[in-house]
Amino acid sequence: MSSRSSTDTGPRAARPRQILLLGGTTEAAALEPLLDGHPRLYATVSLAGRTRRPAPSRLPRRTGGFGGAEGLAAWLHEHAVDALVDATHPFARQISANAVTAARNTGIPLARLTRPSWEAGPEDRWIRVPDLAAAARALPELGRRVLLTTGRQHLEAFEAAPELDYVIRTIDPPEPPPALPRVTWIHARGPFTAEDEARLLRENTIDVLVTKDSGGDATAAKLQAARERGMPVVMVERPPDAPGVPRFHAPQAVLGWLEDLPDAHG
């Protein structure tokens, strides 16, 4: 908590700047303690509600969708929000697009907090693809036993390659599950160690790994384990960033951006 809380006076102290944090990620969780108790910022965290047991938070929360960009804009107006921070997953395309549209239509400042992309090293065998459908098309030439770590959404894309054996790791079970004849399910939440991932690949005799370029450290160990086994990795590329939206990788940088915004009510 900042020590400035006992010395601030005037309009800012009387009316903290209202912040909506679109969260649900490790980065959002790291930003939350910086906002908790801040003398000039009052933040509410919004979660999509897809994870059944989200991590605890001291900040006020809302859960569920807004009803598209128009609904988000209405919520921002109704709650007199002064700034919007999109700290959702790099592949949460729809909510990020809605945030851009809502911010543009309301004139509310928007910043993106996201983890850096992964970068392939000289010993990595990555096959970059634009989406899950392209990943499924690439698999038959790469191996029979596949580890999927792409999350629980849109797994039906792999029904295009039903002849393969899948090990699918998700935090929560998909609803509905994909119609694949040979699947081993693993429900677990990272972070995972390199030893954990090496054991997983070895015990399940995995030939090829499929993952999204989520970035960050929490789930990067699987890439090290694949590299050490000389295993191909099908890497689904991120959606492009929205132009004109400031992007930060460090929660402290977002806090500085929020603190430096001009006071719309002053």
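Author: Helices here are DSSP runs of H or I with at least four residues, strands are runs of E with at least two, and their numbers count from the N terminus. The model is a predicted one. On that basis helix α7 is followed by Gly230, which has a positive phi near 65°.

Helix α7 itself covers residues 221-228, and its buried residues are Ala221, Lys222, Leu223, Ala225 and Ala226. What do the buried residues of α7 pack against? They pack against the strands β6 (125-129), β7 (145-149), β8 (165-170), β10 (208-212) and β11 (232-236), and against helix α6 (194-203).

In the loop between β7 and β8 lies His154, which is not a glycine but has a positive phi of about 65°. The loop between β8 and β9 (183-187) holds Pro176, and the peptide bond from Glu175 to Pro176 is cis, with omega near -5°. Pro191 sits in the loop between β9 and α6.

Next come the nonpolar cores. The largest nonpolar core has 21 residues, and the members that touch the most others are Leu21, Leu35, Val85, Trp257 and Leu258. Two or more residues each come from β1 (17-22), α2 (26-35), β2 (41-47), β4 (83-86), β5 (110-113) and α8 (251-260).

Beyond its neighbours within four places in sequence, Val85 is in contact with Ile19, Leu20, Leu21, Leu22, Leu31, Ala111, Leu113, Val254, Trp257 and Leu258. Helix α8 has Pro251, Val254, Leu255, Trp257, Leu258 and Glu259 as its buried residues. The buried residues of α8 pack against β1, α2, β2, β4, β5 and β12 (247-248).

Another packed pair is α3 and α4. Two packed helices are described by the angle between their axes and the distance between the axes. The axes of α3 and α4 (residues 93-106) come within 8 Å and cross at roughly 50°. Angles under 35 degrees count as roughly parallel and 65 to 115 as roughly perpendicular, so α3 and α4 are oblique to each other. The crossing is right-handed. On the α3 side the contact is made by Gly68, Ala69, Leu72, Ala73 and Leu76, and on the α4 side by Asn98, Ala99, Thr101, Ala102 and Thr106. Of these residues, 6 are nonpolar, 4 are polar and none is charged.

Glu70 also lies in helix α3 (residues 68-78). Exposed means over 50% relative accessible area, so Glu70, at 69%, is exposed. Glu70 and Asn105 are 35 residues apart in sequence and 8.8 Å apart in space, C-alpha to C-alpha. In the loop between α3 and β4 is Ala80, a residue other than glycine with a positive phi near 50°.

For the chain as a whole, there are 8 helices and 12 strands. The C-alpha trace spans about 65 × 35 × 30 Å along its principal axes. Of the 266 residues, 45% are buried.

Technical notes
Residues numbered from 1 in each chain as written. Predicted model: local features only at pLDDT ≥ 70, side-chain atom pairs only at ≥ 80, totals over all residues. Heavy atoms only, no water. Buried < 20%, exposed > 50% of the residue type's maximum accessible area, 1.4 Å probe, protein only. Axes fitted to C-alpha atoms, helices over the stretch in contact; angles between N-to-C directions. Parallel < 35°, antiparallel > 145°, perpendicular 65-115°, else oblique. Left-handed = near helix turned anticlockwise from the far one by under 90°. Contact = heavy atoms within 4.5 Å. Nonpolar A, V, L, I, M, F, W, Y, C, P; charged D, E, K, R; others polar. Core = buried A, V, L, I, M, F, W, Y, C linked by side-chain atoms within 4.5 Å.
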